[in-house]
Amino acid sequence: RVWDLDTGQPLRTLEGHSHWVNAVAVTPDGRRAVSASVEHTLRVWDLDTGQPLRTLDGHSDWVMAVVVTPDGRRAVSASIDHTLRVWDLDTGQTLRTLDGHSDWVIAVVVTPDGRRAVSASADGTLRVWDFDTGQSLWSLKGHSGGVRSVTVTPDGRRAVSASADGTLRVWDFDTGQSLRSLEGHSEWVNAVAVTPDGRRAVSAS
C-alpha cells in the first residue's frame, strides 16, 4: 500500500503478487517501487499510477530482501536460493547472479557510491560484492550464528551486521576485518540502522 503520511490515508493498493511480500524498496526519484515476494519474483511498480511495470523473474525460491542502487537504475535482490541477483529496472533483465553463500541470503545493502553490495546470510557470513565484475571481494567471518541484517555507514567505509548469535559487528571495507563486536543483547539481533553522521548504530532484538 502507498500511504499519505500527513493524513494517514492509503493512496493506493499495489496488487499483483499472489503470496506474501517480504520487502520493498523505492527508487531515489520516488517514482517507482520494487517489491520482493515468497512467490520467487519481484515486481516494479509505478507509484503515480499504482500499476505494475514489470515482473523480475529468476530466483528459484523466496525473495527475502531488495535494495535499489543510488542511481535508481538497478536493484539487488536476496533469496533463500542462496543467491543475489542484480536487475536492470528499465528492462527487467538479470544483469548478473551473485553466487557464493551456502545458505539463505537474508539481507542486502548497497554502498553510497553504488559500486558494491553487502549481503548477509544464514551461513553466518557477509559478502562484499563488486558490481562491475560480480565478484566477491570479501567474505566477512566472525559471527557464530546467521546474519539477519546489515547496513553501511554513510561514508561507505564500514558495515554493521546484526546476528542470531546476539551480537553486532563493525567491519572495515578496506581490509575485510572485524573492527569490534557489540555485545549486550540476550537474543537474536534482527535489525540495525546507522545514524546519518555514521557515529552511532541502533539495533533491534
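This is a predicted model: local features need pLDDT of at least 70, side-chain atom pairs count only at pLDDT 80 or more; totals for chains, interfaces and linings use all residues.
Reader: How many helices and strands does the secondary structure of the protein chain come to?

Author: Helices (H or I, at least four residues) and strands (E, at least two) are DSSP runs, numbered from the N terminus. Here the protein chain has zero helices and 20 strands. Its radius of gyration, taken over C-alpha atoms, is 17 Å, close to the 17 Å from the globule rule (2.2 Å times the number of residues to the power 0.38) for 205 residues, so the chain is as compact as a globular protein of that length. Along its principal axes, the C-alpha trace spans about 45 × 40 × 30 Å.

Reader: What percentage of the 205 residues in the protein chain do buried residues make up?

Author: Buried means under 20% relative accessible area, exposed over 50%, and partly exposed in between, with a 1.4 Å probe and protein chains only. Of the 205 residues, 47% are buried.

Reader: Among contacts between residues at least 6 apart in sequence, what percentage join residues at least 24 apart?

Author: Contact means heavy atoms within 4.5 Å. In this chain, 35% of the contacts between residues at least 6 apart in sequence join residues at least 24 apart.

Reader: How far apart are the mean positions of the positive and negative charges?

Author: Lys and Arg count as positive and Asp and Glu as negative, while His and the chain ends are not counted. Each charge is placed at NZ of Lys, CZ of Arg, CG of Asp or CD of Glu. The mean positions of the 21 positive and 26 negative charges are 4 Å apart.

Reader: Now a serine. Is S77 buried or exposed?

Author: S77 is buried, with a relative accessible area of 0%. The residue lies in strand β8, residues 74-79. A polar contact is a pair of N or O atoms within 3.5 Å; within protein, one must be able to donate a hydrogen and the other to accept it, and residues adjacent in sequence count only if both atoms are side-chain atoms. Such a contact, of 2.8 Å, joins the side chains of S77 and W87. Beyond four places in sequence, the contacts of S77 include L42, H59, V63 and W87.

Reader: Which backbone oxygen does the side chain of S37 reach?

Author: That of W20, at 2.8 Å. S37 lies in strand β4 and counts as buried at 0% relative accessibility. S37 and N22 are 15 residues apart in sequence and 5.5 Å apart in space, C-alpha to C-alpha.

Reader: Loops next. Where is the place of T111?

Author: T111 is in the loop between β11 (105-110) and β12 (116-121). T111 is buried, at 1% relative accessible area, and its side chain makes a polar contact of 2.7 Å with that of D113. Leaving aside neighbours within four places in sequence, T111 is in contact with P70, R116, V152 and F173.

Reader: Does F131 count as buried or exposed?

Author: F131 counts as buried, at 3% relative accessibility. This residue is in the loop between β13 (125-130) and β14 (136-141). F131 and V86 are 45 residues apart in sequence, and their C-alpha atoms are 8.3 Å apart in space. Leaving aside neighbours within four places, V86 is one of the contacts of F131, which also include T69, R74 and R116.

Reader: What does the side chain of R158 reach?

Author: The backbone oxygen of G198, at 3.2 Å. R158 lies in strand β16, residues 158-163, and counts as partly exposed at 30% relative accessibility. R158 and W188 are 30 residues apart in sequence and 22 Å apart in space, C-alpha to C-alpha.

Reader: Which phi does H40 have, although it is not a glycine?

Author: H40 has a positive phi of about 85°. H40 is in the loop between β4 (32-37) and β5 (41-46), and it is partly exposed at 28% relative accessible area. H82, not a glycine either, has a positive phi of about 80°. H82 is found in the loop between β8 and β9 (83-88), and counts as partly exposed at 28% relative accessibility.

Note on methods: Residues are numbered from 1 along each chain as its sequence is written. Side-chain values use heavy atoms; hydrogens and water are left out.
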